[in-house]
Amino acid sequence: MAACPPSLLKSAEVAAVSSLLGRVEAVDKMAKVGMNLAKVAVCAGVADGGAAKLAKSLADGRSMMRMGQWVKSSVNVQDAVNGVVRAEGVQTQPLLQVVRQAADMGYKIGDNVTFLSKQGVVEADAPRWATATKRLQFTMFGIDALNAATAIVNNNGTSRTPAILMRSVCDCLMVLQGTKWAPWYDAVPSWFPSACGLVSGSIAASHLITDAVESERKKEGK
């Protein structure tokens with residue numbers, strides 16, 4: 001069998017994908033895309049139970065990847081607190097960052113407990129923990145959306161800010177049902193939250209891939 005062209009094996013795109021597959025965040029976003037795509041397919045009636053099993057497996061895999069990730073988040077919380085201390089006077093943005101990072105840490109702790117409870121490793125009220133986790137996720141996604149919208153209004157964002165706003169809003173809509181804060185939201189089509197997660201995951205994955213490719217191309221240029 002003929003060997004692949006060396007130029008393909010050494011391309012920035014291949015190197016970028018290889019690099020991303022070694023990063024938990026990147027694999028998590030790719031799994032998020034696959035998980036929500038499978039859920040949408042099941043809800044739309046174009047896939048059988050195999051897709052539902054795939055979605056569950058990917059969801060469990062994402063939870064496993066988040067095991068202990070709250071330790072890293074605790075460092076981000078401390079950095080955010082330091083930002084408040086360094087700020088002159090009381091400023092909204094540094095305070096929001098503390099809330100955002102604290103919600104992220106709480107969400108990861110809750111996700112760990114929920115997953116371990118479902119696996120029978122620890123005794124906990126899994127549904128209650130799951131609801132709390134979704135509420136923390138909604139809080140952090142809401143803050144992300146607020147920050148992006150503020151940047152757009154103040155005209156100090158980047159070319160990615162509109163996409164970040166869309167991603168954050170989609171994430172809010174993805175988890176809103178699980179928060180139990182909006183009973184009226186139960187009336188939306190069953191595929192809608194998953195479709196929002198698919199859009200969000202695709203945006204996040206595309207940004208990670210673009211950054212990785214640009215990084216590899218810079219290395220090639222050196």
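Guide: The following conversation sets values against their cut-offs. Please note that the model is a predicted one.

Visitor: What makes up the secondary structure of the protein chain?

Guide: The protein chain has nine helices and zero strands. Along the sequence, this gives the pattern α-α-α-α-α-α-α-α-α.

Visitor: Where is Gln137 found?

Guide: Gln137 lies in helix 7, which covers residues 126–153.

Visitor: Is Gln137 buried or exposed, and how do you know?

Guide: The relative accessible area of Gln137 is 7%. Buried means under 20%, so Gln137, at 7%, is called buried. Leaving aside residues up to four places away in sequence, Gln137 touches Tyr107 and Val175.

Visitor: How much of the protein chain is buried?

Guide: Of the 222 residues in the protein chain, 34% are buried. The protein chain exposes about 12900 Å², and 63% of that area is supplied by carbon and sulfur atoms.

Visitor: How many aromatic pairs does the structure hold?

Guide: The structure holds four aromatic pairs. One of them joins Trp184 and Tyr185.

Visitor: Why are Trp184 and Tyr185 called an edge-to-face pair?

Guide: Two rings pair if their centres lie within 6.5 Å, and planes over 60 degrees apart count as edge-to-face. The ring centres of Trp184 and Tyr185 are 5.7 Å apart and their planes stand at 90°, so the pair is edge-to-face.

Visitor: What makes Trp191 and Phe192 an edge-to-face pair?

Guide: The rings of Trp191 and Phe192 are 6.0 Å apart, centre to centre, with 70° between the planes.

Visitor: Which residues form one aromatic cluster?

Guide: The cluster consists of Trp184, Tyr185, Trp191 and Phe192.

Visitor: Why is Trp184 called exposed?

Guide: The term exposed requires a relative accessible area over 50%. Trp184 has 61% and therefore counts as exposed.

Visitor: Why does Tyr185 count as buried?

Guide: The relative accessibility of Tyr185 is 3%. The cut-off for buried is under 20%, so Tyr185 counts as buried.

Visitor: Why are Trp191 and Phe192 called partly exposed?

Guide: Partly exposed describes values between the cut-offs for buried, under 20%, and exposed, over 50%. Trp191 has a relative accessible area of 38% and is therefore partly exposed. Phe192, at 27% relative accessibility, is likewise partly exposed.

Note on methods: Residues numbered from 1 in each chain as written. Predicted model: local features only at pLDDT ≥ 70, side-chain atom pairs only at ≥ 80, totals over all residues. Heavy atoms only, no water. Helix = DSSP H or I, 4+ residues; strand = E, 2+ residues; numbered from the N terminus. Buried < 20%, exposed > 50% of the residue type's maximum accessible area, 1.4 Å probe, protein only. Contact = heavy atoms within 4.5 Å. Areas by Shrake-Rupley, 256 points an atom, 1.4 Å probe, with all protein chains shown as cover. Phe/Tyr/Trp six-rings, centres within 6.5 Å; stacked < 30°, edge-to-face > 60°.
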